[in-house]
Amino acid sequence: MRRQVILSGLVVLGLSGCASFGTSKLNPLNWFGKSEAVTTTVDGTPVTVLKTLAPRKGFPEFVDTRPLVPAIADMSIARTTTGAIVTATGVVPALGYYDAQLVPVPSEDASTLTYDFRIRAPETSPGLGTEQQRRITVAYSLSFPELDGVRRVVVRGANGSRQTRR
């Protein structure tokens, strides 16, 4: 009995020195190799297919919840070396409004660019202030390719809109 225990211990000790179970062919996890990227060809050009980072159900559609500015006081377009800058000034009812932006609106007419003047209202009103203090100016930069064929630019507010013709 003693002889079998000593012999078994020597065999186990000898096998452990030769290879570890993690890299052994006896380990079922090692029966297949690691995955590798496969290149496919489209029209003779190799294409590597990568896993997408998009969610399974797709990205949620963004909905802009900011209301339109109540009144637009002024609107202008200034030419630049790379295109033009559309500038609009809105008047809000109280101080504290923020996150103002000109948001492009899709249009069927290619000769008209339309923008919504959107702004976020404060949760608490810090005060009324004068009309000069309640004015908010935003700008939107346009390049020459975006201006190609455009004859009219419209900025919309809640109580009306302003336009400039070329």
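Thr 89 touches Ala 71, Ile 72, Ala 73, Asp 74, Phe 117, Arg 135, Ile 136 and Thr 137, leaving aside residues up to four places away in sequence. The model described here is predicted. Thr 89 lies in strand β4, which runs over residues 83-91. Its relative accessibility is 11%, and Thr 89 therefore counts as buried, since the cut-off for buried is under 20%. Among the residues that Thr 89 touches is Thr 137, and the side chains of Thr 89 and Thr 137 are joined by a polar contact of 3.1 Å.

**The sheet around β4**

An open sheet of three strands has the order β3-β4-β7, and the pairing is antiparallel. β3 and β7 stand at the edges with a single partner strand each, so one side of each has no neighbour in the sheet. On average, neighbouring strands of this sheet are turned by 15° against each other, direction ignored. β3 and β4 pair over eight bridges in the antiparallel sense. Within this pairing, Met 75 has Ala 88 in β4 as its bridge partner.

**The nonpolar core**

The largest nonpolar core has 19 residues, and Val 86, Leu 102, Phe 117, Val 153 and Val 155 have the most contacts inside it. At least two residues of this core come from each of β3, β4, β6, β7 and β8. β6 supplies the largest share, four residues. In soluble globular proteins, nonpolar side chains tend to be buried together.

Val 86 touches Met 75, Ser 76, Ile 77, Leu 102, Val 138, Ala 139, Tyr 140, Leu 142, Val 153 and Val 155, again without residues up to four places away in sequence.

**Val 69**

Val 69 is found in the loop between β2 (45-48) and β3. Val 69 is buried, with a relative accessible area of 0%. The C-alpha atoms of Val 69 and Val 91 are separated by 7.3 Å, although these residues are 22 residues apart along the chain. The contacts of Val 69, not counting residues up to four places away in sequence, are Gly 90, Val 91, Val 92, Phe 117, Ile 119, Gly 157, Ala 158 and Asn 159. Phe 117 is touched by Val 69 and also by Thr 89.

| Residue | Location | Relative accessibility |
|---|---|---|
| Thr 89 | strand β4 (residues 83-91) | 11% |
| Val 69 | loop between β2 (45-48) and β3 | 0% |

Technical notes:
Residues are numbered from 1 along each chain as its sequence is written. This is a predicted model: local features need pLDDT of at least 70, side-chain atom pairs count only at pLDDT 80 or more; totals for chains, interfaces and linings use all residues. Side-chain values use heavy atoms; hydrogens and water are left out. Buried means under 20% relative accessible area, exposed over 50%, partly exposed in between (1.4 Å probe, protein chains only). A polar contact is a pair of N or O atoms within 3.5 Å; within protein, one must be able to donate a hydrogen and the other to accept it, and residues adjacent in sequence count only if both atoms are side-chain atoms. Contact means heavy atoms within 4.5 Å. A nonpolar core is a set of buried Ala, Val, Leu, Ile, Met, Phe, Trp, Tyr and Cys residues joined through side-chain atoms within 4.5 Å. Two strands pair if DSSP finds at least two bridges between them. Axes are lines fitted to C-alpha atoms, for helices over the stretch in contact, and angles run from 0 to 180 degrees between N-to-C directions.
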